[in-house]
Amino acid sequence: GKASSLRGAANTCGSGFLARLARIFVEYDIQVITAKIATFGERVEDIFFITDKQGNRLSDPKLCQRLQENIQQQLDAKINDATY
C-alpha cells in the first residue's frame with residue numbers, strides 16, 4: 001500500500017499517551033490511515049498506518065528518525081512519570 005507502518009509496544013503507556021501521539025502526528029503533518037490498538041493486561045501494542053499530508057508513504061529517512069525519536073521521548077517520559 002501507500003502507507004508506512006509504525007509499530008509500537010509498551011508495558012505501560014497509561015492514559016494520555018495516545019493524545020500525545022496524536023499531537024506528534026499533527027506536528028509532523030502525518031495522517032493516520034488505520035490504527036490497530038490492542039491491550040493485553042498492562043501491555044499495549046499499537047500499529048499505525050500513516051502517510052504524509054499528500055497521502056504518500058513517508059520516504060524521508062531524517063523525518064522518520066525524528067518522528068521515532070519524538071515518539072520514544074514521549075513514551076519514556078510517560079514511563080518515568082509512572083514510576084514516581
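**The aromatic pair and its core**

Author: Both Phe25 and Phe48 are buried, meaning under 20% relative accessible area with a 1.4 Å probe, protein chains only. Before going on: this is a predicted model, where local features need pLDDT (the predictor's confidence in each residue, from 0 to 100) of at least 70 and side-chain atom pairs count only at 80 or more, while totals for chains, interfaces and linings use all residues. Residues are numbered from 1 along each chain as its sequence is written, and side-chain values use heavy atoms, with hydrogens and water left out.

The structure holds one aromatic pair, that is, Phe, Tyr or Trp rings (six-membered ring for Trp) with centres within 6.5 Å. Phe25 and Phe48 make it, edge-to-face (planes over 60 degrees apart), at 5.6 Å centre to centre and 70 degrees between the planes. Phe25 sits in helix α1 and Phe48 in strand β3, so the pair ties together parts 23 residues apart in sequence; helices (H or I, at least four residues) and strands (E, at least two) are DSSP runs, numbered from the N terminus.

Leaving aside neighbours within four places in sequence, Leu67 is in contact (heavy atoms within 4.5 Å) with Ile24, Tyr28, Ile30, Ile50 and Leu58.

As for confidence, helix α1 (residues 17–27) has the highest mean pLDDT, 88.

Conventions:
Rings of Phe, Tyr and Trp (its six-membered ring) pair if their centres lie within 6.5 Å; planes under 30 degrees apart count as stacked, over 60 as edge-to-face and the rest as tilted. Buried means under 20% relative accessible area, exposed over 50%, partly exposed in between (1.4 Å probe, protein chains only).
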